[in-house]
Amino acid sequence: MSAHQTQLLPATPEGTARAAALLRDGALVAFPTETVYGLGADAGNDTAVAQIYQAKGRPSFNPLIVHVADAAAAQALVHWSPEAEALAAAFWPGPLTLVLPLRPGARVSRLVTAGLDTLAVRVPAHPVARALLGAFGGPVAAPSANRSGQISPTAAAHVMAGLSGRIAAVLDGGACPVGLESTIVGLEGAPCLLRPGGVPAEEIDRVLGTSATRRAEGAAISAPGQLQSHYAPGAAVRLNAVNWRAGEARLGFGPVDCDLNLSPGGDLVEAAANLFAYLHRLDDAGATVIAVSPIPETGLGAAINDRLRRAAAPRP
Ligand code: TXA
Ligand code: MG
């Protein structure tokens, strides 16, 4: 990996133009989305996309999400369907990713799809992401901008801590408002929830008029990149802590006495926005065990618990 002096670019028109120029040159640029920071590369440039895997230390070629400016740009890359239309109309721009059949001849590197004949597409809502996509003028492949297996970044400082010296630049758009990755829905066949995320599964079901997207309890996760151990802080993680043990860092939810509280009022939207930042903070403070209050499994709670279970899973 060539050494870089990673530039921290302000989210001004000049900073955004510089970021777009770097993408055009085949360089890697981290940028804010409403979910988490993405590590962007020109989706049509094989070398640039290969560098994403190298910079993250991703062990294998897991497919990447392609970010586009609008649904029309997505339709140029994938075969559209009535379900895609309904979901895009309801949730784009926003924290929803659709997996659809790749159009033959779409200008997307084979490394983006890891050889699959489907493509994950998303139209982000964050104004800085939208400005960057507009200035770049093409699809941008972007996984979360963290080292493989580690906590996802919801601030430019998190990206810098993990990837400084490995990427060209970080476009600094402040804290990510949603704080959890996008919901991924597979639409190659019957609609299927591949990853819980920023749009609650209940809302997807409401739009599709089905409960097809509700993953059966304990069923295997089919997004290929959904590793058991992921989002892992340096500390061990203990889930569903109803009382605290000596020496633990206490990550609370609701009206409990603790070190950091995801949401004292029990608001799942607030808890999602705080989750990764608080894990980063307790980790940086040198915690050896992070104990977490129980989180309800409804709404965004399903995605929060998904991330926490992975953070707590045995590490490879
Ligand atoms: O919110 C997000 O989705 C963020 C921001 C940056 O947009 N991105 C993100 O990317 O979370 P990443 O690479 O960390 O997670 C992408 C997930 C992986 O689990 C991958 O396996 C799955 O999407 N995925 C990508 N393409 C797929 C495909 N064709 N079929 C099934 N799963 C796919
Ligand atoms: Mg990720």
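1. A word on conventions. This is a predicted model in which local features need pLDDT of at least 70 and side-chain atom pairs count only at pLDDT 80 or more, while totals for chains, interfaces and linings use all residues. Residues are numbered from 1 along each chain as its sequence is written, chains are lettered from A and ligands numbered from 1 in the order in which they are written, and side-chain values use heavy atoms, with hydrogens and water left out.

2. Let's begin with α4 and α8. Helices (H or I, at least four residues) and strands (E, at least two) are DSSP runs, numbered from the N terminus. Helix α4 spans residues 82–91 and helix α8 residues 201–208; their axes come within 10 Å and cross at roughly 125°. Axes here are lines fitted to C-alpha atoms, for helices over the stretch in contact, with angles running from 0 to 180 degrees between N-to-C directions. The two helices are therefore oblique to each other; angles under 35 degrees count as roughly parallel, over 145 as roughly antiparallel, 65 to 115 as roughly perpendicular and the rest as oblique.

3. Which residues of α4 and α8 make the contact? On the α4 side they are Glu-83, Ala-86, Leu-87, Ala-90 and Phe-91, and on the α8 side Glu-203, Ile-204, Val-207 and Leu-208. Contact means heavy atoms within 4.5 Å. By class, the contact of α4 with α8 has seven nonpolar, no polar and two charged residues. Ala, Val, Leu, Ile, Met, Phe, Trp, Tyr, Cys and Pro count as nonpolar, Asp, Glu, Lys and Arg as charged, and the others, Gly among them, as polar.

4. Now for the two sides of α4. Ala-84, Leu-87, Ala-88 and Phe-91 are its buried residues. Seen down the axis of α4, they fall within an arc of 100°, so they line one face of the helix; the arc is that of the directions from the helix axis to the C-beta atoms. The face turned away from this buried side carries the exposed residues Pro-82 and Ala-89. Buried means under 20% relative accessible area, exposed over 50% and partly exposed in between (1.4 Å probe, protein chains only). The buried residues of α4 pack against β5 (96–101), β9 (183–186) and α8.

5. Helix α8 has buried residues of its own: Ala-201, Ile-204, Asp-205 and Leu-208. These cover an arc of only 100° around the axis, which puts them on the same side of α8. They pack against α4, β5, β9 and β10 (192–195). After α8 comes Gly-209, with a positive phi near 70°.

6. The second pair is α1 (residues 13–24) and α6 (residues 127–136). Their axes come within 9 Å and cross at roughly 55°, which makes α1 oblique to α6. From α1, Thr-16, Ala-19, Ala-20, Leu-23 and Arg-24 meet Ala-131, Leu-132, Ala-135 and Phe-136 of α6. Sorted by class, this contact has seven nonpolar, one polar and one charged residues.

7. Thr-16 deserves a look. Is Thr-16 buried or exposed? At 6% relative accessibility, Thr-16 counts as buried. Leaving aside neighbours within four places in sequence, its contacts include Pro-10, Ala-11 and Leu-171.

8. Finally, Val-68 sits in the loop between β4 (65–67) and α3 (71–75). Val-68 is buried, with a relative accessible area of 2%. Not counting residues up to four places away in sequence, Val-68 touches Ala-73, Ala-74, Leu-77, Arg-122, Val-123, Pro-124, Leu-133 and Pro-139. Val-68 and Val-121 are 53 residues apart in sequence and 7.2 Å apart in space, C-alpha to C-alpha.
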